Amino acid sequence: MANIKSQKKRIITAEKARQRNKAVRSELKTAVKAVHVAVEASDAQAAQTAANKAGRLLDKAASKGIIHKNQASQRKSGVQKLVNTVK
C-alpha cells in the first residue's frame, strides 16, 4: 500500500474505473451474444434490433475510452454482417 495520500486516492479511483469498465465490457458481450442468438433462430427482425442496441453500446463504450474507436467499428461491422446473413 502506498504512503502518499494522493497515490492512495489514485488506487481507489483506478479500482472504481476498473469495475465500471468491466461492467461495460460485460454488457457489450451480452449485447453481441443476443445478436448471435437471434441469428441462430433465423429471426431477422430481432437480430436487427439487437444489432442496433449493440451498435449504440459499442459507440458509447468507444466514446468513454473503454474500447478503442476502431475496435468498436470493427465489432459493429461484424455484427451487421452476421445480421445480413439472415435476410
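Predicted model: local features only at pLDDT ≥ 70, side-chain atom pairs only at ≥ 80, totals over all residues.

Reader: How do H1 and H2 run relative to each other, roughly parallel or roughly antiparallel?
Author: Let's start with the angle: the axes of H1 and H2 cross at roughly 160° and come within 8 Å. Angles over 145 degrees count as roughly antiparallel. Therefore the answer for H1 and H2 is roughly antiparallel.

Reader: Which handedness does the crossing of H1 and H2 have, and how many nonpolar residues are in the contact?
Author: The crossing of H1 and H2 is left-handed. H1 brings residues including Val24, Leu28, Ala31 and Val35, while H2 brings Ala47, Ala50, Leu57 and Leu58 among them. Sorted by class, this contact of H1 with H2 holds no polar residues and one charged residue, and the nonpolar ones number 15.

Reader: What about H1 and H3: are they roughly parallel or roughly antiparallel?
Author: Helix H1 covers residues 5-40 and helix H3 covers residues 69-84; their axes are 9 Å apart, at an angle of about 15°. Because angles under 35 degrees count as roughly parallel, H1 and H3 are roughly parallel.

Reader: How many nonpolar residues does the contact of H1 with H3 have?
Author: On the H1 side you will find Leu28, Val32, Val35, His36 and Val39, and they meet Arg75, Val79, Leu82 and Val83 in H3. By class, one residue of this contact is polar, one is charged, and the nonpolar count is seven.

Reader: Which element gives the most residues to the largest nonpolar core?
Author: That core has 19 residues, and Leu28, Val35 and Ile67 have the most contacts inside it. Two or more residues come from each of H1, helix H2 (44-63) and H3. With eight residues, the element that gives the most is H2.

Reader: Is lysine 69 buried or exposed?
Author: Lysine 69 sits in helix H3. In space, lysine 69 is 7.6 Å from aspartate 59, C-alpha to C-alpha, and the two are ten residues apart in sequence. The relative accessibility of lysine 69 is 59%, and the cut-off for exposed is over 50%, so lysine 69 counts as exposed.

Terms used: Residues numbered from 1 in each chain as written. Heavy atoms only, no water. Axes fitted to C-alpha atoms, helices over the stretch in contact; angles between N-to-C directions. Helix = DSSP H or I, 4+ residues; strand = E, 2+ residues; numbered from the N terminus. Parallel < 35°, antiparallel > 145°, perpendicular 65-115°, else oblique. Contact = heavy atoms within 4.5 Å. Nonpolar A, V, L, I, M, F, W, Y, C, P; charged D, E, K, R; others polar. Buried < 20%, exposed > 50% of the residue type's maximum accessible area, 1.4 Å probe, protein only. Core = buried A, V, L, I, M, F, W, Y, C linked by side-chain atoms within 4.5 Å. Left-handed = near helix turned anticlockwise from the far one by under 90°.
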